[in-house]
Amino acid sequence: MKRNMILFCLTTVFAVTCLFAASCSGEKGRTAKAAVTETDYKGKEAVFVYDAGENLVAVLAEKKQLEYIGALIGGSIGQSSEAATLELVIDVPEDAKVLYHYVFKNRTEQKMNLFVYSNYQKIRITDIPLLSSIVWDVTDADYDTLIHPEKI
């Protein structure tokens, strides 16, 4: 019971933090092909997606994109906490290979990092207020979305 309450509280804190982007102004999202940088979005909410080589491959900045990724992460946390697979402040296996690195940035330039792995169906979020990191398994559908950021 106590574990469920802690997981619920942490899930709520994270979901609120992650969904900060839902109030965005509707800035158009674009791919990185136009030599976009994070400084182009100073003072704006956006999610920057980098590949394993830390090359910017997509920017999610439209309101519908930000709401979608926020709901996906929030829903994934809810499913994980229900299944009791949420692991707090535990790292991924040593042989995990980063496939994508999502950087969530709000208007005040605060950032959170989400890592998607190619050889594990887990994600890790770091720099969460009050926590260092969270690692959990994601559903097949959520994983498929996160490994195809161009479709968001």
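**Salt bridges in close-up**

**View 1. Glu109 and Lys105 join their side chains in a salt bridge.** The N-to-O distance in this predicted model is 3.3 Å. A salt bridge here is a side-chain nitrogen of Lys or Arg within 4 Å of a carboxyl oxygen of Asp or Glu. Glu109 is partly exposed, at 31% relative accessible area. Lys105 is buried, at 0%. Buried means under 20% relative accessible area, exposed over 50%, and partly exposed in between (1.4 Å probe, protein chains only).

**View 2. Lys111 pairs with Glu38 in a salt bridge.** N and O lie 2.6 Å apart. Lys111 sits in strand β6 (residues 111–117), and Glu38 in the loop between β1 (30–31) and β2 (46–51), so the pair ties together parts 73 residues apart in sequence. Strands (E, at least two residues) are DSSP runs, numbered from the N terminus. Lys111 is partly exposed, with 38% relative accessibility.

**View 3. Asp137 and Lys122 form a salt bridge.** Their closest N and O atoms are 3.0 Å apart. Asp137 belongs to strand β8 (residues 133–137) and Lys122 to strand β7 (residues 122–126), so this contact links parts 15 residues apart in sequence. Asp137 is partly exposed at 33%. Lys122 is buried at 15%.

**All views. The structure holds three salt bridges.** Residues are numbered from 1 along each chain as its sequence is written, and side-chain values use heavy atoms, leaving out hydrogens and water. The model is predicted: local features need pLDDT of at least 70, side-chain atom pairs count only at pLDDT 80 or more, and totals for chains, interfaces and linings use all residues.

Conventions. Helices (H or I, at least four residues) and strands (E, at least two) are DSSP runs, numbered from the N terminus.
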